Amino acid sequence: MPLPFSPGAAAVTPQQPGALGTGRVPLTPRPYDTGRPSGTGRAHGKVILLGEHAVVYGAPAVAVPLPDLSCTVTVAVNAEPADGLGCYTPFTIPAHGAVPSADGVLPPGLCLLIDTALRRARRFDIPAMEVQVESDIPYGRGLGSSAAVARALTYALGQLLPLDLSAAEVFDYVQISESAAHGRASGIDALATGSTRPVLLSDRHPSTPPVAAEAWIVVADSGSPGHTKQAVAMLGAAFGEHALRREKFLARSTSLTCRALRALEQGQLEVLGRQLTDCHTLLADLQLSTGCVNALVDTALAHGALGAKMTGGGLGGCVIALTDTAAAASFLAARLDENGAAQTWTAPIKPGRSA
Ligand code: PMV
(Lines give C-alpha, C1' and ligand atoms only; values in the text may rest on other atoms or scores of the structure.)
Protein backbone atom coordinates (compact mmCIF):
# COMPACT_ATOMS: atom_id res chain seq x y z
CA MET A 1 0.00 0.00 0.00
CA PRO A 2 1.50 3.39 -0.85
CA LEU A 3 2.30 5.71 1.99
CA PRO A 4 -0.07 8.57 2.61
CA PHE A 5 2.96 10.81 2.14
CA SER A 6 6.33 10.78 0.52
CA PRO A 7 8.74 13.64 0.81
CA GLY A 8 11.25 14.74 -1.71
CA ALA A 9 9.54 14.75 -5.07
CA ALA A 10 7.99 17.81 -6.61
CA ALA A 11 9.89 20.21 -4.40
CA VAL A 12 8.19 23.50 -3.78
CA THR A 13 10.54 26.44 -4.00
CA PRO A 14 9.88 28.69 -1.03
CA GLN A 15 9.57 32.33 -1.94
CA GLN A 16 10.65 35.14 0.25
CA PRO A 17 7.82 36.75 2.21
CA GLY A 18 6.29 39.68 0.49
CA ALA A 19 3.95 38.58 -2.29
CA LEU A 20 1.22 40.49 -0.53
CA GLY A 21 3.50 42.66 1.48
CA THR A 22 3.22 39.65 3.85
CA GLY A 23 1.26 42.19 5.76
CA ARG A 24 1.42 41.41 9.41
CA VAL A 25 -1.22 43.97 10.17
CA PRO A 26 -3.76 42.57 12.61
CA LEU A 27 -7.39 42.94 11.65
CA THR A 28 -10.28 43.05 14.07
CA PRO A 29 -11.61 39.51 14.49
CA ARG A 30 -14.96 38.96 12.87
CA PRO A 31 -16.94 36.01 11.56
CA TYR A 32 -16.57 35.08 7.92
CA ASP A 33 -19.15 36.53 5.60
CA THR A 34 -21.27 33.81 4.13
CA GLY A 35 -20.36 33.09 0.57
CA ARG A 36 -16.83 34.44 0.92
CA PRO A 37 -14.34 32.10 -0.83
CA SER A 38 -12.74 29.96 1.86
CA GLY A 39 -10.97 26.65 2.42
CA THR A 40 -10.59 24.40 5.45
CA GLY A 41 -7.97 21.82 6.42
CA ARG A 42 -7.35 19.57 9.38
CA ALA A 43 -4.35 17.74 10.87
CA HIS A 44 -3.40 16.15 14.21
CA GLY A 45 -0.63 16.06 16.78
CA LYS A 46 2.11 13.48 17.23
CA VAL A 47 4.72 12.22 19.68
CA ILE A 48 8.17 10.97 18.84
CA LEU A 49 8.53 7.46 20.26
CA LEU A 50 12.28 7.52 19.96
CA GLY A 51 15.09 8.78 17.72
CA GLU A 52 14.49 12.53 18.11
CA HIS A 53 17.49 14.72 17.31
CA ALA A 54 19.32 11.74 15.77
CA VAL A 55 16.77 11.89 12.93
CA VAL A 56 18.02 15.38 12.04
CA TYR A 57 21.28 13.64 11.00
CA GLY A 58 19.53 10.88 9.02
CA ALA A 59 19.34 8.27 11.82
CA PRO A 60 16.00 6.45 12.26
CA ALA A 61 13.17 7.79 14.40
CA VAL A 62 9.61 6.65 15.01
CA ALA A 63 6.63 8.95 15.60
CA VAL A 64 3.08 8.06 16.61
CA PRO A 65 0.01 10.12 15.64
CA LEU A 66 -2.22 11.65 18.31
CA PRO A 67 -5.56 11.69 16.45
CA ASP A 68 -7.48 13.12 19.42
CA LEU A 69 -5.36 16.27 19.45
CA SER A 70 -6.28 18.04 16.26
CA CYS A 71 -6.30 21.43 14.64
CA THR A 72 -8.48 22.98 11.98
CA VAL A 73 -7.42 25.93 9.86
CA THR A 74 -9.81 27.98 7.75
CA VAL A 75 -8.60 30.55 5.27
CA ALA A 76 -10.83 33.11 3.61
CA VAL A 77 -10.25 35.78 1.04
CA ASN A 78 -10.48 39.22 2.54
CA ALA A 79 -11.54 41.88 0.09
CA GLU A 80 -10.52 44.71 2.37
CA PRO A 81 -6.81 44.81 3.03
CA ALA A 82 -5.96 46.85 6.09
CA ASP A 83 -4.42 50.16 5.02
CA GLY A 84 -3.86 48.76 1.57
CA LEU A 85 -1.65 45.98 2.85
CA GLY A 86 -2.28 42.29 2.43
CA CYS A 87 -2.61 40.54 5.71
CA TYR A 88 -3.08 37.14 7.22
CA THR A 89 -5.03 37.34 10.41
CA PRO A 90 -5.72 34.50 12.80
CA PHE A 91 -8.93 35.55 14.42
CA THR A 92 -9.68 32.57 16.59
CA ILE A 93 -6.90 31.49 18.88
CA PRO A 94 -7.93 29.26 21.79
CA ALA A 95 -6.33 29.35 25.21
CA HIS A 96 -3.84 26.63 24.28
CA GLY A 97 -3.54 28.18 20.83
CA ALA A 98 -1.40 26.63 18.17
CA VAL A 99 -0.03 29.93 17.01
CA PRO A 100 2.02 32.01 19.45
CA SER A 101 0.40 35.13 18.31
CA ALA A 102 -1.47 37.17 20.84
CA ASP A 103 -1.44 40.16 18.53
CA GLY A 104 -2.91 38.53 15.48
CA VAL A 105 0.43 37.98 13.79
CA LEU A 106 1.16 34.74 12.00
CA PRO A 107 4.64 33.23 12.45
CA PRO A 108 6.97 33.98 9.51
CA GLY A 109 7.08 30.33 8.40
CA LEU A 110 3.31 30.27 7.89
CA CYS A 111 3.42 33.59 6.01
CA LEU A 112 6.10 32.11 3.76
CA LEU A 113 3.92 29.05 3.20
CA ILE A 114 0.95 31.23 2.20
CA ASP A 115 3.07 33.36 -0.11
CA THR A 116 4.46 30.26 -1.80
CA ALA A 117 0.97 28.84 -2.34
CA LEU A 118 -0.38 32.12 -3.75
CA ARG A 119 2.52 32.41 -6.18
CA ARG A 120 2.17 28.81 -7.23
CA ALA A 121 -1.58 29.37 -7.87
CA ARG A 122 -0.79 32.71 -9.58
CA ARG A 123 -3.44 34.32 -7.42
CA PHE A 124 -2.06 37.83 -7.42
CA ASP A 125 -5.65 39.06 -7.35
CA ILE A 126 -6.16 38.13 -3.70
CA PRO A 127 -5.55 41.31 -1.72
CA ALA A 128 -5.60 39.80 1.73
CA MET A 129 -6.44 36.66 3.58
CA GLU A 130 -7.79 35.80 6.98
CA VAL A 131 -6.56 32.69 8.73
CA GLN A 132 -8.53 31.05 11.53
CA VAL A 133 -6.74 28.48 13.66
CA GLU A 134 -8.58 26.27 16.11
CA SER A 135 -6.38 23.76 17.85
CA ASP A 136 -6.40 21.33 20.77
CA ILE A 137 -2.65 20.80 20.41
CA PRO A 138 -0.76 22.75 23.03
CA TYR A 139 1.89 24.95 21.49
CA GLY A 140 5.57 24.32 22.18
CA ARG A 141 5.23 20.96 23.92
CA GLY A 142 6.81 18.73 21.25
CA LEU A 143 3.37 17.47 20.20
CA GLY A 144 3.59 18.63 16.59
CA SER A 145 1.54 21.80 16.94
CA SER A 146 3.50 23.86 14.40
CA ALA A 147 3.59 21.07 11.79
CA ALA A 148 -0.12 20.31 12.28
CA VAL A 149 -1.08 23.96 11.77
CA ALA A 150 1.14 24.13 8.67
CA ARG A 151 -0.41 20.93 7.28
CA ALA A 152 -3.98 22.06 7.98
CA LEU A 153 -3.18 25.45 6.45
CA THR A 154 -1.74 23.77 3.35
CA TYR A 155 -4.92 21.70 2.89
CA ALA A 156 -7.04 24.82 3.42
CA LEU A 157 -5.08 26.81 0.84
CA GLY A 158 -5.21 23.85 -1.54
CA GLN A 159 -9.01 23.92 -1.31
CA LEU A 160 -9.36 27.69 -1.59
CA LEU A 161 -7.00 28.57 -4.43
CA PRO A 162 -7.44 25.73 -5.63
CA LEU A 163 -4.21 23.72 -5.81
CA ASP A 164 -4.16 20.06 -6.67
CA LEU A 165 -1.35 19.14 -4.27
CA SER A 166 0.24 15.69 -4.21
CA ALA A 167 1.23 14.18 -0.85
CA ALA A 168 4.85 15.05 -1.63
CA GLU A 169 3.93 18.67 -2.32
CA VAL A 170 1.92 18.92 0.92
CA PHE A 171 5.01 17.65 2.75
CA ASP A 172 7.18 20.27 1.04
CA TYR A 173 4.79 23.06 2.01
CA VAL A 174 4.76 21.93 5.65
CA GLN A 175 8.55 21.82 5.59
CA ILE A 176 8.70 25.46 4.45
CA SER A 177 7.14 26.43 7.75
CA GLU A 178 8.88 23.74 9.82
CA SER A 179 12.34 24.74 8.63
CA ALA A 180 11.61 28.31 9.68
CA ALA A 181 10.36 27.09 13.09
CA HIS A 182 13.05 24.46 13.85
CA GLY A 183 16.04 25.69 11.91
CA ARG A 184 16.82 22.18 10.71
CA ALA A 185 13.66 20.09 10.48
CA SER A 186 14.02 16.38 9.71
CA GLY A 187 10.47 16.12 8.37
CA ILE A 188 9.21 13.62 10.94
CA ASP A 189 6.66 16.08 12.39
CA ALA A 190 5.50 17.05 8.90
CA LEU A 191 4.88 13.37 8.12
CA ALA A 192 3.36 12.18 11.40
CA THR A 193 0.82 15.02 11.61
CA GLY A 194 -0.75 13.68 8.42
CA SER A 195 -0.51 9.94 9.01
CA THR A 196 -2.99 7.65 10.75
CA ARG A 197 -0.24 5.07 11.40
CA PRO A 198 3.14 5.24 13.13
CA VAL A 199 5.87 6.72 10.94
CA LEU A 200 9.46 5.55 10.63
CA LEU A 201 11.83 8.08 9.09
CA SER A 202 15.23 6.62 8.30
CA ASP A 203 17.84 8.20 6.08
CA ARG A 204 15.10 10.71 5.13
CA HIS A 205 12.96 7.86 3.78
CA PRO A 206 9.50 7.43 5.37
CA SER A 207 7.74 4.11 5.91
CA THR A 208 5.15 2.53 8.19
CA PRO A 209 6.67 0.10 10.68
CA PRO A 210 4.80 -3.14 11.46
CA VAL A 211 3.13 -3.29 14.90
CA ALA A 212 2.14 -6.72 16.28
CA ALA A 213 0.32 -5.83 19.50
CA GLU A 214 -1.68 -2.85 20.68
CA ALA A 215 0.25 -0.61 23.07
CA TRP A 216 -0.76 2.61 24.81
CA ILE A 217 1.10 5.85 25.19
CA VAL A 218 0.48 8.27 28.04
CA VAL A 219 1.58 11.82 27.29
CA ALA A 220 2.27 14.09 30.27
CA ASP A 221 2.90 17.81 29.89
CA SER A 222 5.60 19.12 32.23
CA GLY A 223 3.94 22.55 32.09
CA SER A 224 7.05 24.20 30.67
CA PRO A 225 7.49 24.83 26.98
CA GLY A 226 10.12 22.91 25.09
CA HIS A 227 12.67 24.74 22.94
CA THR A 228 13.22 22.64 19.85
CA LYS A 229 15.05 25.21 17.75
CA GLN A 230 17.42 26.01 20.61
CA ALA A 231 17.97 22.31 21.37
CA VAL A 232 18.72 21.45 17.73
CA ALA A 233 21.16 24.38 17.53
CA MET A 234 22.77 23.41 20.85
CA LEU A 235 23.47 19.85 19.66
CA GLY A 236 24.63 21.13 16.26
CA ALA A 237 27.22 23.33 17.97
CA ALA A 238 28.34 20.57 20.38
CA PHE A 239 28.61 17.98 17.61
CA GLY A 240 30.44 20.46 15.36
CA GLU A 241 33.20 20.62 17.95
CA HIS A 242 33.19 16.92 18.84
CA ALA A 243 32.52 14.73 15.82
CA LEU A 244 33.20 11.59 17.86
CA ARG A 245 30.50 12.56 20.34
CA ARG A 246 28.07 12.93 17.46
CA GLU A 247 29.00 9.51 16.03
CA LYS A 248 28.56 7.85 19.43
CA PHE A 249 25.17 9.49 19.92
CA LEU A 250 23.95 8.49 16.47
CA ALA A 251 25.18 4.90 16.88
CA ARG A 252 23.47 4.53 20.27
CA SER A 253 20.23 6.15 19.14
CA THR A 254 20.14 4.00 15.99
CA SER A 255 20.69 0.84 18.02
CA LEU A 256 17.87 1.73 20.46
CA THR A 257 15.48 2.60 17.63
CA CYS A 258 16.27 -0.61 15.71
CA ARG A 259 15.68 -2.70 18.86
CA ALA A 260 12.43 -0.82 19.46
CA LEU A 261 11.29 -1.51 15.89
CA ARG A 262 11.96 -5.25 16.34
CA ALA A 263 10.06 -5.19 19.64
CA LEU A 264 7.11 -3.42 17.99
CA GLU A 265 7.12 -5.98 15.19
CA GLN A 266 7.21 -8.88 17.65
CA GLY A 267 4.77 -7.44 20.18
CA GLN A 268 7.41 -7.39 22.93
CA LEU A 269 6.21 -4.35 24.82
CA GLU A 270 8.51 -4.79 27.81
CA VAL A 271 11.52 -4.75 25.50
CA LEU A 272 10.08 -1.71 23.72
CA GLY A 273 9.62 0.06 27.04
CA ARG A 274 13.26 -0.52 28.02
CA GLN A 275 14.43 1.10 24.78
CA LEU A 276 12.31 4.17 25.56
CA THR A 277 13.82 4.54 29.03
CA ASP A 278 17.35 4.04 27.68
CA CYS A 279 16.61 6.66 25.02
CA HIS A 280 15.64 9.07 27.79
CA THR A 281 18.98 8.48 29.50
CA LEU A 282 20.80 9.10 26.23
CA LEU A 283 18.97 12.40 25.63
CA ALA A 284 19.23 13.49 29.27
CA ASP A 285 23.00 12.93 29.12
CA LEU A 286 23.04 15.56 26.37
CA GLN A 287 21.34 18.03 28.78
CA LEU A 288 18.11 17.96 26.78
CA SER A 289 15.88 17.09 29.75
CA THR A 290 14.81 19.19 32.73
CA GLY A 291 14.18 18.48 36.43
CA CYS A 292 10.38 18.43 35.91
CA VAL A 293 10.64 16.13 32.91
CA ASN A 294 12.96 13.75 34.78
CA ALA A 295 10.57 13.74 37.75
CA LEU A 296 7.65 12.76 35.49
CA VAL A 297 9.73 9.98 33.94
CA ASP A 298 10.51 8.67 37.45
CA THR A 299 6.84 8.90 38.46
CA ALA A 300 5.75 6.95 35.39
CA LEU A 301 8.32 4.20 36.00
CA ALA A 302 7.40 4.02 39.71
CA HIS A 303 3.75 3.44 38.77
CA GLY A 304 4.22 0.59 36.35
CA ALA A 305 5.12 2.18 33.02
CA LEU A 306 6.97 -0.26 30.77
CA GLY A 307 9.22 2.64 29.79
CA ALA A 308 9.23 6.43 29.86
CA LYS A 309 11.13 9.28 28.28
CA MET A 310 11.14 12.91 27.22
CA THR A 311 9.73 13.38 23.73
CA GLY A 312 10.58 15.84 20.95
CA GLY A 313 13.14 18.60 21.02
CA GLY A 314 13.33 18.86 24.83
CA LEU A 315 14.51 21.56 27.26
CA GLY A 316 10.94 21.28 28.60
CA GLY A 317 7.82 19.91 26.96
CA CYS A 318 6.31 16.47 27.45
CA VAL A 319 7.07 12.99 28.72
CA ILE A 320 5.70 9.80 27.17
CA ALA A 321 5.18 6.53 29.04
CA LEU A 322 4.36 3.12 27.58
CA THR A 323 1.69 0.70 28.87
CA ASP A 324 0.09 -2.41 27.43
CA THR A 325 -3.61 -1.68 28.08
CA ALA A 326 -6.02 1.24 28.02
CA ALA A 327 -6.76 0.68 31.72
CA ALA A 328 -3.07 0.80 32.63
CA ALA A 329 -2.75 4.00 30.58
CA SER A 330 -5.66 5.66 32.45
CA PHE A 331 -4.20 4.58 35.80
CA LEU A 332 -0.81 5.97 34.87
CA ALA A 333 -2.29 9.23 33.55
CA ALA A 334 -4.06 9.72 36.89
CA ARG A 335 -0.80 9.16 38.83
CA LEU A 336 1.03 11.63 36.56
CA ASP A 337 -1.78 14.17 37.05
CA GLU A 338 -1.42 13.79 40.84
CA ASN A 339 2.35 14.17 40.65
CA GLY A 340 2.92 17.37 38.76
CA ALA A 341 1.77 16.86 35.16
CA ALA A 342 0.02 19.97 33.84
CA GLN A 343 -2.12 17.83 31.51
CA THR A 344 -2.16 14.22 30.32
CA TRP A 345 -3.49 12.39 27.28
CA THR A 346 -3.56 8.74 26.24
CA ALA A 347 -3.32 7.29 22.74
CA PRO A 348 -3.14 3.76 21.34
CA ILE A 349 -0.47 2.45 19.02
CA LYS A 350 -2.61 0.23 16.83
CA PRO A 351 -1.41 -3.06 15.35
CA GLY A 352 -0.87 -3.04 11.61
CA ARG A 353 1.32 -4.24 8.78
CA SER A 354 4.28 -2.38 7.33
CA ALA A 355 3.80 -0.09 4.37
O1 PMV B 1 8.86 19.43 17.33
P2 PMV B 1 9.48 18.55 18.35
O3 PMV B 1 9.82 19.24 19.61
O4 PMV B 1 8.74 17.26 18.49
O5 PMV B 1 10.95 18.12 17.77
C6 PMV B 1 11.14 17.47 16.58
C7 PMV B 1 12.19 16.45 16.69
C8 PMV B 1 13.62 16.87 16.43
O9 PMV B 1 14.30 15.67 16.09
C10 PMV B 1 14.25 17.45 17.69
C11 PMV B 1 13.76 17.89 15.32
C12 PMV B 1 13.39 17.33 13.95
O13 PMV B 1 13.15 18.14 13.07
O14 PMV B 1 13.37 16.11 13.75
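At what angle do H2 and H3 pack, and how far apart are their axes? I began here, bearing in mind that the model is predicted.

**Entry 1: H2 and H3**

I found that H2 and H3 pack at an angle of about 140°. Their axes are 9 Å apart. I noted the crossing of this pair as right-handed. I then listed the residues that make the contact. H2 brings Ser146, Ala147, Ala150, Arg151, Thr154 and Tyr155. From H3 come Val170, Tyr173, Val174, Ser177, Glu178 and His182. Sorted by class, the contact of H2 with H3 has 6 nonpolar, 4 polar and 2 charged residues.

**Entry 2: the loop between H2 and H3**

I looked next at the backbone of this loop. Pro162 lies in the loop between H2 and H3. I found the peptide bond from Leu161 to Pro162 to be cis, with omega near -15°.

**Entry 3: the largest pocket**

I looked up the largest pocket and read a volume of about 710 Å³. Its lining has 46 residues, and the closest to the pocket centre are Ser146, Glu178, Ala181, His182 and Thr228.

H3 gives the most, with 5 residues. By class, I recorded 18 nonpolar, 21 polar and 7 charged residues in the lining of the largest pocket.

I followed the chain out of H1 into the loop that runs to strand S4 (128-135), where Arg122 has its place. Arg122 is not a glycine, yet I read a positive phi of about 55° for this residue.

**Entry 4: H6 and H7**

H6 passes H7 in a left-handed crossing.

I wrote down both sides of the contact. On H6 it involves Arg245, Phe249, Arg252, Ser253, Leu256, Arg259, Ala260, Ala263 and Leu264. On H7 it involves Val271, Leu272, Gln275, Asp278, Cys279, Leu282, Leu283 and Asp285. I counted the classes in the contact of H6 with H7 as 10 nonpolar, 2 polar and 5 charged.

**Entry 5: H8 and H9**

I finished with helix H8 (residues 291-302) and helix H9 (residues 326-338), whose axes come within 10 Å and cross at roughly 140°. H8 and H9 are therefore oblique to each other. I noted their crossing as right-handed. Here Leu296, Thr299 and Ala300 in H8 meet Leu332, Arg335 and Leu336 in H9. By class, I have 4 nonpolar, 1 polar and 1 charged residues for the contact of H8 with H9.

Key. Residues numbered from 1 in each chain as written. Predicted model: local features only at pLDDT ≥ 70, side-chain atom pairs only at ≥ 80, totals over all residues. Heavy atoms only, no water. Axes fitted to C-alpha atoms, helices over the stretch in contact; angles between N-to-C directions. Helix = DSSP H or I, 4+ residues; strand = E, 2+ residues; numbered from the N terminus. Parallel < 35°, antiparallel > 145°, perpendicular 65-115°, else oblique. Left-handed = near helix turned anticlockwise from the far one by under 90°. Contact = heavy atoms within 4.5 Å. Nonpolar A, V, L, I, M, F, W, Y, C, P; charged D, E, K, R; others polar. 1 Å grid on protein atoms, 1.4 Å probe; cavity = no way out; pocket = protein on both sides within 12 Å on 5 of 7 lines; lining within 4 Å. Points joined across faces, edges and corners; volume = space filled by probe spheres on them.
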